[in-house]
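Try each task yourself before reading the solution.

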Amino acid sequence: MADHYPLLPDRHPQGDFFVCDILDAAPKGDVGSMEHPIFSLSTKPDTRPRRYEHNNITIEIKPSVDGLATVHDRDVLIYCISSLIKGMNEGKEPQQVIRFQAADLLKATNRMTTGRGYALLKAAMERLAGTRISTNITTGGQEIFETFGLIERARIVRETRDGRMQEVEVKLSDWVFNAIRAQEVLTLSREYFRLRKPLERRVYELARKHCGRQKEWRVSMGVLQKKCGSGSTLREFRRLVAAIAKEDSEYNHMPDYRIRIDEQRDHLVATSRGTVGGGEVNIPPLDPEVYDMARSAAPGWDVRMIEAEWRDWASEVPRNPEMAFLGFCKKWFQRRGRP
């Protein structure tokens, strides 16, 4: 029975982590930007360039010779961002270059601390540094093209005699770092790191992003396949997702959300288990002066309506509610333009 249990063993018990939506850090600033996958689901080198178009925004993901960064490579970013957010919550200024002990990352992300674990970590950093994201955004009547990496560089500061890295230094890209400073993050369940299959992790990420604290989120299989970045046929993709739903019905192993298939409508349905958010987020009243700035950030829009949307979207009380609200208004306008 243990051999068939869908979750990996909990190797190193630890607390919750934050995850940054990488594309949300791009100039378009869309809080729904996880619609466009940048991490490969493959466990083998994936050298397929990808191109996605949505709402007149184009996103291209280009691999290096080592292949695209994978869903499991994302663990490195999760750890770095989590560490910086924790420091910010303690009043520390975030730094774009972060130094940490390799063993701490491996333990925090439920990875093996064997020699193979260190080798896989090194390969992950190489793919993260090599994968390039290119995207366009139209703002103020101009189309702007941007290109960036997931991380700018990674350096092993010290290495033991048997080849295992000890201290690692990572420089985050400007886009990721800007998202951290704006606290554009979501909380992930610790059980995320125990999910064995890349597709399970991607389905969880999408449910966390789109369902959030709502009771239910539905998505058609065709759209889900696009959001997952799967290279399988739609028929094979349905089979793979159905297998996840079947295991979840048997083991309840998917974190935060119950996964099932509505075969009649050909939908995946994610239902909240009630473990996200911990209830309503009570953000205090805003300084009245912020509304004039909000009107400048989102001209033509009803800023009180935007505020209501922001309060409903927020998963925790921000350190600076006024600045967080203004950032939300700017993103709102970037995405929709004038009403």
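**Exercise 1. Get an overview: how many helices and strands are in the protein, and what share of its residues is buried?**

Solution. Start by counting elements: this predicted model has 10 helices and 12 strands. Next, go through the burial values: of the 339 residues, 50% are buried. Last, look at the contacts between residues at least 6 apart in sequence: 66% of them join residues at least 24 apart.

**Exercise 2. Work out how H5 and H6 are oriented to each other, and which residues meet there.**

Solution. Step one is the geometry. Helix H5 covers residues 198-210 and helix H6 covers 221-228; their axes come within 10 Å and cross at roughly 105 degrees. Angles of 65 to 115 degrees count as roughly perpendicular, so H5 and H6 are roughly perpendicular to each other.

Step two is the contact itself. H5 brings Leu 199, Arg 202, Leu 206 and His 210, and these meet Leu 224, Lys 227 and Cys 228 of H6. Sort the residues of this contact by type and you get four nonpolar, one polar and two charged.

**Exercise 3. Find the residues that touch the most other members of the largest nonpolar core.**

Solution. The core has 68 residues, and the ones to pick out are Val 170, Leu 172, Leu 224 and Leu 268. Helix H1 (residues 74-89) gives the most to this core, nine residues. Now zoom in on Leu 268: leaving out residues up to four places away in sequence, its contacts include Val 203, Trp 217, Met 221, Leu 224, Val 241 and Ile 259. Arg 218 and Arg 260 are also among the residues that Leu 268 touches. Then look for a second, separate core: that one has 16 residues, among them Ala 294, Ile 306, Ala 314 and Phe 328.

**Exercise 4. Which residues of H8 are buried, and which exposed residues sit on the face turned away from them?**

Solution. First, list the buried ones in H8 (residues 290-297): Val 290, Tyr 291, Ala 294 and Ala 297. They span an arc of only 110 degrees around the axis, so they're on the same side of H8. Next, turn to the opposite face of H8, where the exposed residues Asp 292 and Ser 296 are found. Finally, see what the buried residues of H8 pack against: helix H9 (303-313) and helix H10 (321-336).

**Exercise 5. Describe the surroundings of Met 165.**

Solution. Setting aside residues up to four places away in sequence, the residues Met 165 touches include Ala 102, Tyr 118, Leu 121, Met 125 and Ile 156.

Terms used. Residues are numbered from 1 along each chain as its sequence is written. This is a predicted model: local features need pLDDT of at least 70, side-chain atom pairs count only at pLDDT 80 or more; totals for chains, interfaces and linings use all residues. Side-chain values use heavy atoms; hydrogens and water are left out. Axes are lines fitted to C-alpha atoms, for helices over the stretch in contact, and angles run from 0 to 180 degrees between N-to-C directions. Helices (H or I, at least four residues) and strands (E, at least two) are DSSP runs, numbered from the N terminus. Angles under 35 degrees count as roughly parallel, over 145 as roughly antiparallel, 65 to 115 as roughly perpendicular and the rest as oblique. Contact means heavy atoms within 4.5 Å. Ala, Val, Leu, Ile, Met, Phe, Trp, Tyr, Cys and Pro count as nonpolar, Asp, Glu, Lys and Arg as charged, and the others, Gly among them, as polar. A nonpolar core is a set of buried Ala, Val, Leu, Ile, Met, Phe, Trp, Tyr and Cys residues joined through side-chain atoms within 4.5 Å. Buried means under 20% relative accessible area, exposed over 50%, partly exposed in between (1.4 Å probe, protein chains only). The arc is that of the directions from the helix axis to the C-beta atoms.
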